[in-house]
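Please walk me through this protein chain.

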Amino acid sequence: MKNSLCFIILMLTMSGCRHGVEISGQGSVSAETPDRSCTAAESPCRFDINGAYQETYTATPANGWLFDAWERCQSASGNACAFDIDAETVEEFADAEIPGVVARFRRPIDPLFRDNVGGFVLPAGNAPQHLSWLLDELRDSSTSETEIREHFDSTYIESRSIAAIQQDINTLRTSVSDPEITDLIGVTPVLASAVVNPRGTNNPGFNIFLISRYGDGGGITSMSFTTGWPRGGSNVIPEVANRNFMQLGEAFAGAAADTRMLVAQIESDQCRAIYTKEARTAIPIASVYKYWVLATLTEEIVAGRISESAMVGLDPQLFEQSNAFINDQPAGTQLPIADLASLMMGNSDNTATDHLQVLLGRALLEARLRPLGHRNEELMTPFLLNRDVAQLFGVLNTELANSFARGSEEEQLAIYENSIEPLGSPVFTGVRNFDALYEGSWAATAFDVCGVIASLRRFDNQSAAFALMDQAAGANTALLSVRTRWDRVWFKSGGIGNDEGGSMTTSGAWLFESDDKGAYVVVLAAGNPDQSSVNQSLLFGVAARAEELLFNR
């Protein structure tokens, strides 16, 4: 126990000989020693430590609030926090004032994209508003050419034809005449993915996926759908149905040569493992790294250094050639950071991501890795832009790219500053540095990823910063029905493509949280160093079964 107090004291600053209780939010803390109890009105509460420090605190939320977490607690269990420090250690630090234990309370979760009776509500943005129009259109008997030209991009009309689009809408109209969104899978300014069923029935409907242009009046550029779709579907595949966590880990081993899996519960901001498989061994995570960009952005908004309503001008030097949905906007166009964040997380838009990274700066992003849960931060430094990774993969000569991937921190930084950063926007030369891409791009352990997700939950959930972050992290779920079962779902996936048209790495990280069930994280990552394709269907099937097990705990 002595070492526990030493750790607390040495990690936090010292100046005096007192401890205490602090309250964040609305609630109270009762102690076994009555004069150590504390209310929100009294916080921070301070007291002297005399002799052995043996105390248990119990947090009780005020009406309309929930207990969230303990901070700076020696031993936390639910809403109880215990200290057990011997008298000798207390005496050793008699001149220290130890920062108080914090009981953090929060408001109940306000589920994304839902109204006050639980129905789905589409937010602003071209794609969601086009979907709203389409669902209204199904109640009419026909759709005119004028309406189609108002809502579909000319390139899509040319490739599909007016008559074919009218027939598609008629097919949906026949499938569901009185539509209701029963599952909103993904929604950003350029994406709308949903399950639609006949209102008030369990009859089948359709699954629809829309992509639109971003700018003012941007029309639909892609529309796909499947009819006969059930209400309450699932991504669980036969290979993993009815399996427990250990059996899921065994099945997931078939997805690739290298696999990592973590199922954890978040308690007092810590990831407590329920099931692990190589969860402390690093692996390439591709775009899952964007969780750290989002977390750093949120911190800067909370600190007041960036406004939640800030705008960022588009820089053509940051236009990426893959996974980019805003490259058709004129240079200098001002985009809200809220849209950039949702595009980064919901669409994995690389152009949006690089603009946010430049806004934040590489030095800050690197400095925030460890505080935001990454315990292997050298795997993410130098903190690369997507543009940098494109240069590493397709521009640098193979020898230099491999030297970067396998070099020391000093060697990597020198190559980055001298050979990668000065290149600007990449012009591909036909080089395919797959080894360097696998070994030298963003990497982390499953626990690192869980750590950054846990850090995102620490922000005040009534703040504008949290609202921006929450909508970005929750912009896509990738799995059916999870948004209807949990109050909050966050998700980010990533992959590195190969010459087979598949991905040599695939990763996914989910938060599933409800006020009554608690917060859980599922992290799955798979990779093939020989560049063969990962079994992505198995990865998402395992994720779906893991969620099912967590929901039924």
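The protein chain holds 19 helices and 22 strands. Helices (H or I, at least four residues) and strands (E, at least two) are DSSP runs, numbered from the N terminus. The radius of gyration, taken over C-alpha atoms, is 25 Å; the globule rule gives 24 Å for 553 residues, so the chain is as compact as a globular protein of that length. That rule is 2.2 Å times the number of residues to the power 0.38. Along the principal axes, the C-alpha atoms fill a box of roughly 85 × 60 × 50 Å.

This is a predicted model: local features need pLDDT of at least 70, side-chain atom pairs count only at pLDDT 80 or more, and totals for chains, interfaces and linings use all residues. Residues are numbered from 1 along each chain as its sequence is written, and side-chain values use heavy atoms, with hydrogens and water left out.

Of the 553 residues, 54% are buried. Buried means under 20% relative accessible area, with a 1.4 Å probe and protein chains only.

Now take helix H3, residues 126–137. Its 12 residues should span 16 Å at 1.5 Å a residue, and its end C-alpha atoms are 16 Å apart, which agrees. The expected span is 1.5 Å times one less than the number of residues. Nine of the 12 residues are buried, so H3 is largely enclosed by the rest of the structure. Among them are Pro-128, His-130, Trp-133 and Glu-137. What covers the buried residues of H3? The cover includes helices H4 (145–151) and H6 (162–175), and strands S10 (179–188) and S11 (191–198).

Conventions: Buried < 20%, exposed > 50% of the residue type's maximum accessible area, 1.4 Å probe, protein only. Contact = heavy atoms within 4.5 Å.
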